[in-house]
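Visitor: Could we go through this structure together? I would like to begin with the ligands.

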Amino acid sequence: MSVLIRGGRVVTAVDDYIADVWIEGEKVAEIGMDLSHRIPQASRVFEAAGKLLFPGGIDAHTHMDMPFGGTTSADDFDSGTVAAAHGGTTTIIDFAIQQKGRSTLEGLDIWHEKAHAKATIDYAFHMIITDMPHERLPEMERLAGMGVTSYKLFMAYPGVLYVDDGTLYRTFRQAGLNGTRINMHAENGIVIDEIIREAVADGKIEPKYHALTRPTRMEAEGVHRAIAIAEVANVPLYIVHLSSADALEEVKRGRARGVDVQAETCPQYLFLDQSWYDRPDFEGAKWVMTPALREKWNQEVLWQGLKLGHLANVATDHCPFCFGGQKELGRESFTKIPNGAPGVENRLSLMYHGAVVQGRMSINRFVELTSTSAAKTFGLFPKKGTIAVGSDADIVIFDPNKVQTISVHNPATHHMRVDYSAYEGHEVQGWTETVLSRGRVVVHRGSLETHKGGQFIARARVGELLR
Ligand code: URP
Ligand code: ZN
Ligand code: ZN
């Protein structure tokens, strides 16, 4: 298969020019001012004048087919990656889970089974570590050798995914020695559980108490502690789903004293706020996620953090649960609402709208935040994360003018297997028209042209390149 894309505006994290792009098989083979001599050889030609060409989006934080909160996230690797592709994402990094007391390698096998032959776009795995006794530490090197070069640990969810500070230190230290990275869910879950107990005892059980029992100071404390432990253990740290100005302040402090800490935020913390929990008839449950949505003023602080580089990446934390049958598990108490919300399909359009159309930052920074930065941080670059000769032909042809209203009722914006949209009614300018994943045309003008065929990508270690 060979594809010629003619006359598009190629935008990467550093470039911005009009060119033709020639793709042979899975790779970008040539970029030039005029490659029309290739037309006779091309299996497919796309006329992209007036369109933007972006490297395929990389969503470094998804939870497909994840058992959580007494149920399982509603998208599996089939529906979730089809939805991601429609939204211009061509690689996800999902979280495999170690069951407590069992091997992390067994956890990895389970996630390979979940994804194998189901995914439409490429995927990689982080490993969630739920315990790490000394004798299990060698497993981490084996994981790294198999391309799983980052681990997520939780200070939140006591009794479920939470690990204590000793486990944090032990795991951080080993990850650093192996040349790998730690992802941290930074929130003081132990204190938060006490606050929850007080609230429930007072009869405060509606969805809004999910937010009111998780103060931003407890997120900031977690970030501070994670940075301190990473500093001592000498490991690169990545704070996931950072949601508040208080937490961002701790990241800035750590970076100012030279700690290798980065952080991601998510569209929900940039576009939604705590007032969503006040919706009547239990509807606020749709936005019960952790960390919780924050007071609105935090949003502009996070946007500024993205612009100035204090925040490195935007991922979705896509973890969808249907309102009917899943979120409803918590009608009696917010503590029983499965935590998580959908978004893998909406990230690029939301971010293009908020970052570029609304003038908050350059188009190159937008590409960096939605693709290149994740590729570099998580060992996928330069195979992924840019448009360059020799890189995978993961390319989005993007219409910068098309306006859509995101809605569960708008088939153009909703392919996720979940019965609501977290961004219902949001109007966005900028739309994914065509998506190539390793040279395969996956989506064209809203239609899925190639189903399945996504591959597992074994990632490189910190500072190494992936070809
Ligand atoms: O509410 C969320 N974020 N659910 C997914 C699990 C996690 O903490 O990332
Ligand atoms: Zn988390
Ligand atoms: Zn998550």
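Visitor: Where does ligand 1 sit?
Guide: Ligand 1 sits in the largest cavity. A cavity is a set of points, on a 1 Å grid over the protein atoms alone, where a 1.4 Å probe fits but cannot get out; a molecule sits in it if more than half of its atoms lie within 2 Å of its grid points. Please note that this is a predicted model: local features need pLDDT of at least 70, side-chain atom pairs count only at pLDDT 80 or more, and totals for chains, interfaces and linings use all residues. Side-chain values use heavy atoms, without hydrogens and water, residues are numbered from 1 along each chain as its sequence is written, and chains are lettered from A and ligands numbered from 1 in the order in which they are written.

Visitor: Which side chain has an N or O atom 2.8 Å from an oxygen atom of ligand 1?
Guide: That side chain belongs to Tyr157.

Visitor: Turning to zinc, which residues coordinate the zinc ion (ligand 2)?
Guide: Lys152 (NZ), His185 (ND1) and His241 (NE2) do, at 2.1 to 2.2 Å. Donors are N, O and S atoms within 2.8 Å of the metal (3.2 Å for Na, K and Ca); water is not among the atoms, so sites may look incomplete.

Visitor: What spacing do these donors follow along the chain?
Guide: The spacing is K-x32-H-x55-H.

Visitor: Are the two histidines, His185 and His241, buried or exposed?
Guide: Both His185 and His241 are buried, that is, under 20% relative accessible area, where exposed is over 50% and partly exposed in between (1.4 Å probe, protein chains only).

Visitor: What separates the zinc ion (ligand 2) from the zinc ion (ligand 3)?
Guide: The separation is 3.9 Å.

Conventions
A polar contact is a pair of N or O atoms within 3.5 Å; within protein, one must be able to donate a hydrogen and the other to accept it, and residues adjacent in sequence count only if both atoms are side-chain atoms. On a 1 Å grid over the protein atoms alone, a cavity is a set of points where a 1.4 Å probe fits but cannot get out, and a pocket is an open set with protein on both sides within 12 Å along at least five of seven lines; lining residues have an atom within 4 Å of a point.
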